[in-house]
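Dear colleague,

I am passing a structure on to you, and I would be grateful if you could look through it before reading my notes. What I found is set out below the entry.

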Amino acid sequence: MRSWSGPNVPRLPGTGALPNVFDTAARSRRPTAPGPTARMYVCGITPYDATHLGHANTYLAFDLLNRAWRDAGHEVRYTQNATDVDDPLLERAARDGVDWRELATREIDLFRSDMQALRILPPDDYVAVTEAVGLVVELIERLVERGAAYRLDGDVYFSMAAAPKFGAVSGYSPETMLELFAERGGDPDRPGKRDPLDWILWLAERPGEPSWPSPFGPGRPGWHVECTAIALRNLGSGFDVSGGGSDLIFPHHEMGACEGHVATGEWPFARAYVHAGMVALDGEKMSKSRGNLVFVSRLRAAHDPMAVRLALLAHHYRADWEWTHDQIEAAEARLARWRAAVARDAGPSGAALLERVRERMTDDLDAPGALAAFDAWAAAEGDDPGAPALAADLADALLGVDLR
Ligand code: 5CA
Ligand code: ZN
């Protein structure tokens, strides 16, 4: 489906180094080593409510990686899904008496405009699950052929006994896995399953719910397999980064990696798994199901979207943190200082600032470190006449902050 329009990214003098990032599966920071085109898949929203600051924080993290790769001279192929048919969306649509398609369309539209306002570079492939059902069916057929799937009352399950790499992404203990699986959409207690952690690939049609025809009977895709199918189609296996918030480490990315491995025989499914921290409000993770949300659309109606972006950039992408309103005020003050600094006739060395910001951003996307470097530059005097223009360009290209 339609993506959103992206801003122009200024070209900076020279090239940056390749960024390293923390890879959840390696449990350590590792260099990214993409080919000429870096390939990235980031899990998209389930569009049943408006974009909140937690979502924005996650998409911003991968936007920084996208920008760092481009600055290092790489093309980037970026794929994102939208989970436009799933239990929580259908439940919300039923609760509010709206058609599930209308709800999804409305929230995806709002998401696009939020992303555009925050100057998040758009994915090259923005794929709704309802557009990809055929791909999902093909993938499930491959899993069936490989003996990795079984039927249960019309549904189709993945048998984790068929997945030799199960556990490689998260490294979690069996107890933790069971607990998270139950919390995050799994059904460990369903009778008839071969293993409590087996997960659903295809849900047979439920009364009143949408369904598509398939060789396994009418139904709809399970959650994990949608991302596996969309990533494989658009990026192939062994793509550079699979991304999302840390709540996707298990079960979503663990199970998706197993599906990809078993279907293709190739490992790794993604070369790195990168996860953003969770944003909380009032002591709890911001989530649609809890309802403790700060919507991007509301915040940007009252504040410059660049201040919203700066407020998020003040936290390292991997940190878990809590939103408080004073952060937008601090970000507005910083934005004003930066705008004044790039409007000067001269400033301290622009080349030195560029080197410092590049160094921070290629080191696991250290945006707070980059902000501190820019703050120091803005607060100091200097006689480099090219510095203000270069500073504005680098804030734009590397941090996505438009100061003009
Ligand atoms: N549609 C699935 C992924 S395939 C999904 O998780 N959708 S979502 O709408 O719940 O979340 C979209 C993205 O935002 C995910 O990467 C998720 O990890 C991230 N996210 C959700 N809540 C938060 C939060 N409070 N803080 C940071 N990131 C969050
Ligand atoms: Zn996903």
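By class, how many nonpolar, polar and charged residues does the lining of the largest pocket have? The lining has 17 nonpolar, 17 polar and 12 charged residues, where Ala, Val, Leu, Ile, Met, Phe, Trp, Tyr, Cys and Pro count as nonpolar, Asp, Glu, Lys and Arg as charged, and the others, Gly among them, as polar.

Before going further, please keep in mind that this is a predicted model, in which local features need pLDDT of at least 70 and side-chain atom pairs count only at pLDDT 80 or more, while totals for chains, interfaces and linings use all residues. Residues are numbered from 1 along each chain as its sequence is written, chains are lettered from A and ligands numbered from 1 in the order in which they are written, and side-chain values use heavy atoms, with hydrogens and water left out.

The largest pocket has a volume of about 1200 Å³, a volume being the space filled by probe spheres set on grid points that are joined across faces, edges and corners. Of the 46 residues that line this pocket, Thr-46, Pro-88, Trp-223, Asp-247 and Leu-248 are the closest to its centre. Pockets and cavities are found on a 1 Å grid over the protein atoms alone: a cavity is a set of points where a 1.4 Å probe fits but cannot get out, a pocket is an open set with protein on both sides within 12 Å along at least five of seven lines, and lining residues have an atom within 4 Å of a point. Helix 1 gives the most to the lining of the largest pocket, with four residues; helices (H or I, at least four residues) and strands (E, at least two) are DSSP runs, numbered from the N terminus.

The largest pocket is also the space taken by ligand 1, in the sense that more than half of the molecule's atoms lie within 2 Å of the pocket's grid points. Ligand 1 is surrounded by 24 residues, of which Thr-46, Thr-83, Asp-247, Met-286 and Lys-288 are the closest; a residue is near the molecule if one of its heavy atoms lies within 4 Å of it. Helix 1 (53-71), helix 6 (223-235) and strand 10 (239-245) each supply at least two residues of this shell, and helix 1 has the largest share, four residues.

Several polar contacts (pairs of N or O atoms within 3.5 Å; within protein, one must be able to donate a hydrogen and the other to accept it, and residues adjacent in sequence count only if both atoms are side-chain atoms) can be listed for the ligand. An oxygen atom of ligand 1 lies 3.4 Å from a polar side-chain atom of His-55, an oxygen atom of ligand 1 is 2.9 Å from a backbone N or O atom of Gly-245, and a nitrogen atom of ligand 1 is 2.8 Å from a polar backbone atom of Met-286. Taken alone, ligand 1 exposes 600 Å², and the protein buries 94% of that, with accessible areas from the Shrake-Rupley method with a 1.4 Å probe and, for residues, only the protein chains shown counting as cover.

The second largest pocket has a volume of about 290 Å³, and among its 15 lining residues Val-9, Arg-11, Arg-70, Asp-71 and His-74 lie nearest its centre.

With best regards
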